[in-house]
Amino acid sequence: MGSMFDSVAIDATTASGPIKILVIGGSYGGLSAALNLQDLCRGLAPRCGPAPEKGTEQGEPKPEKPTSKIAIEITIIDERDGFYHLIGSPLALADEPYAAKAWVKYADIPALANNNITVLQGTVHSITPRTKTATLISRDPTGQTSTQTRVLAYDYLVAATGLRRVWPVVPQSLSRKQYMLEAGNHIRACAGAKHGVVVVGGGAVGIEMTAELKTVMPHVAITLVHSRDKLLSAEPLDDETQDTALRLVREAGVEVRLSCRLDRTEEIVDEDGDKCLRLWFAGGESMVGDHVVMAVSRSVPSTSYLPREVLDEAGYVKIQASLAFPVSDVPNAADHFAIGDLVRWSGIKRCGGAMHMGYCAANNIYQLIRQRRDGTTPVWAELAEIPPMIGLAVGKKAVAYWPQAGTTSGEDVMKAFFGDDLGFTICWNHLGLGGDRKVATA
Ligand SMILES: Cc1cc2nc3c(=O)[nH]c(=O)nc-3n(C[C@H](O)[C@H](O)[C@H](O)COP(=O)(O)OP(=O)(O)OC[C@H]3O[C@@H](n4cnc5c(N)ncnc54)[C@H](O)[C@@H]3O)c2cc1C
């Protein structure tokens, strides 16, 4: 039987030359790992590292100042042709100018230009930890898969491929051009919904989506339907946070129906002869709408390319506190790291967590390189237990919960957590995507 692939190109092995780092997934976690590692190997303080203590040099990392420069080559592989600000998705799918801002092609990210980071567009199909190779199915510039595969050799690997999320939780397009069409079609369908839009699922995504739609399209009736008697019912959050989210989403002008389970939808014709939908709920109630958006979470880890031994039953990577693969489960486990949404760890999945894990993995790879090259004693960055924390944008206000502050809400919380562009500038600046950093002269 012939191979499913046309040809296989094997890249040079890593026996000599710069140390090769392969980062799979170029979102918050993957970009953080790549850029922090690049900082460390250039003798700079890692951009997402701990804040400097008073009296120390600006940006000085703890526990060790990187003094030695190391030649590395970082390859980031992503299915998309750019960084998509996922947090902004509810607004990107309501407002076209914001949609244009929320997806930046990798080629247009200044921090990735003119340095030792290469971004390839494609899907990683499998990795072989024993040989330290990854098989990539390439994509052409329009985002179409090809049957061309490449085998890439690496010294260290970072898996940062997050969760697979369904439409319209996230756009499914893989190129910016296609994504603008996808978002535009959705926005026009919602804006023209004379009987309104019904969003099913009162988790974080459904709440944010309805509030953004209502804020951008105040003329459209927006309804949020949830099967339980509290919003955010699947999250480990207290009543106060759940009740505040309900208050804010209602204040934003969204009609909320709790304890309401969608049974079926039926296409009908209204009094003007226009097609619309009747939504039937368990219990016999019904309502009319034009557009139904399913925001029920069905996200699964995008880890099918990883060895089964490192995954739990649900497909999450069983990391150690150092973010390395579990020892003894696969060969070379210590040189393989997993970060971001795809790891099995405590806490609600958050982009701040993904960026922090990216920094930790970068530090730990740097420590391993130094140990092997210079005989230094590694100082690991380890993940602590993460308590439930959340920041939720609800129209012009936000609700937040974290253990020290409890539940807070209001426009000031929105400003602090999301700035005025649903966190785009905060994340862009935290990752330092706007420009290259100066190489230390010391
Ligand atoms: C609608 C929505 C709103 C959110 N709001 C917030 C918020 O307000 N605050 C907050 O902290 N968090 C929020 N989150 C959660 C946050 O977005 C995630 O925690 C974060 O995106 C995780 O980052 P990541 O880098 O681990 O993975 P992801 O962002 O999921 O990125 C994974 C990347 O890997 C790529 N990829 C996947 N599989 C492959 C493969 N096999 N080969 C190559 N590439 C692959 C994908 O294209 C993608 O670019 C929100 C999530 C959603 C869906």
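Where is P168 found? I located P168 in the loop between β10 (163-164) and α4, taking helices (H or I, at least four residues) and strands (E, at least two) as DSSP runs numbered from the N terminus. The peptide bond joining W167 to P168 is cis, with omega at about 0°.

**Basis.** I am working from a predicted model, in which local features need pLDDT of at least 70 and side-chain atom pairs count only at pLDDT 80 or more, while totals for chains, interfaces and linings use all residues. Residues are numbered from 1 along each chain as its sequence is written, and side-chain values use heavy atoms, with hydrogens and water left out.

**Backbone.** I looked up two residues with positive phi. N332, which is not a glycine, has phi of about 55°; N332 sits in the loop between β18 (300-301) and β19 (336-338) and is partly exposed at 33% relative accessible area, where buried means under 20%, exposed over 50% and partly exposed in between (1.4 Å probe, protein chains only). L422, also a residue other than glycine, has a positive phi near 50°, lies in the loop between α8 and α9 (424-430), and is buried at 4%.

**Cysteines.** I searched the whole structure for disulfides, defined as a pair of cysteine sulfur atoms within 2.5 Å, and the search returned 0. I noted that C276 is buried with a relative accessible area of 3%, and that C360 is buried with 1%.

**Aromatic rings.** I found 7 aromatic pairs, counting rings of Phe, Tyr and Trp (its six-membered ring) whose centres lie within 6.5 Å, with planes under 30 degrees apart called stacked, over 60 edge-to-face and the rest tilted. In one of them, Y84 and Y179, the ring centres are 5.3 Å apart and the planes stand at 65°, so I recorded the pair as edge-to-face. This pair links distant parts of the chain, with Y84 in strand β4 (residues 82-84) and Y179 in helix α4 (residues 176-191), 95 residues apart. Both partners are buried, Y84 at 2% relative accessibility and Y179 at 0%, and together with W103 they form one aromatic cluster.

I then looked for charges over rings, which requires NZ of Lys or CZ of Arg within 6 Å of the ring centre and within 35 degrees of the ring normal. K132 lies over the face of Y156 at 5.7 Å from the ring centre, and R278 lies over the face of W280 at 6.0 Å.

On a 1 Å grid over the protein atoms alone, a cavity is a set of points where a 1.4 Å probe fits but cannot get out, and a pocket is an open set with protein on both sides within 12 Å along at least five of seven lines; lining residues have an atom within 4 Å of a point. I counted 2 cavities of 30 Å³ or more. The largest cavity has a volume of about 110 Å³ and is lined by 13 residues, of which I348, K349, R350, M357 and I386 lie nearest its centre.

**Second largest pocket.** This pocket holds about 230 Å³ of space, and its lining includes L91, E212, G395, K396 and L422. α5 (204-216) and α8 (411-418) each supply at least two lining residues, and the largest share, 3 residues, comes from α8.

Methods: Points joined across faces, edges and corners; volume = space filled by probe spheres on them.
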